[in-house]
Amino acid sequence: LEGEPGFKLLRNVSRKSGCDPVGALEMTPGYIKSILSPLGMLNYPIVFITDGQNSEVLERLQNDPDIGPQLRLVPEEASWVGGDITLAI
């Protein structure tokens with residue numbers, strides 16, 4: 001979910017779980033690194049699947065010096081309107 005519906009949902013989940021209330025929507029490089037770095041996964045390909053609703057997410061990740069070189073984009077025809085998903089493999 002993008003926009004206010006997504007933020008509302010994540011605020012509710014955040015209150016119950018203690019997770020970041022906006023991280024999964026904004027997908028900033030810092031958020032992605034905070035997940036991948038402790039796992040030692042920043043030197044592996046990062047597959048980016050997008051619904052195309054927020055191109056800023058992809059631009060930020062492509063411009064990051066650590067994440068950009070590892071980013072692999074799923075072709076548009078294989079993308080899904082269900083959301084932006086980042087997968088490290």
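**Fold and buried positions in a predicted model**

Leu-25 is buried, with a relative accessible area of 14%; buried here means under 20% relative accessible area, exposed over 50%, and partly exposed in between, with a 1.4 Å probe and protein chains only. This is a predicted model, in which local features need pLDDT of at least 70, side-chain atom pairs count only at pLDDT 80 or more, and totals for chains, interfaces and linings use all residues. Residues are numbered from 1 along each chain as its sequence is written, and side-chain values use heavy atoms, with hydrogens and water left out.

Leu-25 sits in helix α2 (residues 23–26). Helices (H or I, at least four residues) and strands (E, at least two) are DSSP runs, numbered from the N terminus. Between the C-alpha atoms of Leu-25 and Leu-10 there are 8.4 Å, with the two residues 15 apart along the chain. Next comes helix α3 (residues 29–36), whose buried residues are Pro-29, Ile-32 and Leu-36. These cover an arc of only 65° around the axis, so they end up on the same side of α3; the arc is taken from the directions from the helix axis to the C-beta atoms.

Overall, the protein chain has 4 helices and 3 strands, which run α-α-α-β-α-β-β along the sequence. Strand β1 (residues 46–49) and strand β2 (residues 71–73) pair in the parallel sense over 3 bridges, where pairing takes at least two DSSP bridges between the strands. One of the residues involved is Phe-48, whose bridge partner in β2 is Leu-73. Together, β1, α4 and β2 form a right-handed β-α-β unit.

What about the loop between α4 and β2? That is where Gln-70 lies, and at 17% relative accessibility Gln-70 counts as buried. Leaving aside residues up to four places away in sequence, Gln-70 touches Leu-42, Asn-43, Tyr-44, Pro-45 and Ile-46; a contact means heavy atoms within 4.5 Å.

As for the whole chain, 28% of the 89 residues count as buried. Among contacts with a separation of 6 or more, 69% come from residues 24 or more positions apart. The protein chain exposes about 5,700 Å², with carbon and sulfur atoms supplying 57% of it.

Now for confidence, given as pLDDT from 0 to 100 for each residue. The chain mean is 79, and 80% of the residues reach 70 or more. Helix α4 (residues 55–63) scores highest at 92, whereas strand β3 (residues 85–88) is lowest, at a mean of 52. Where pLDDT is low, the predicted coordinates should not be read in detail.

Key:
pLDDT = per-residue confidence, 0-100. Areas by Shrake-Rupley, 256 points an atom, 1.4 Å probe, with all protein chains shown as cover. Right-handed = clockwise from strand over helix to strand, strands pointing away.
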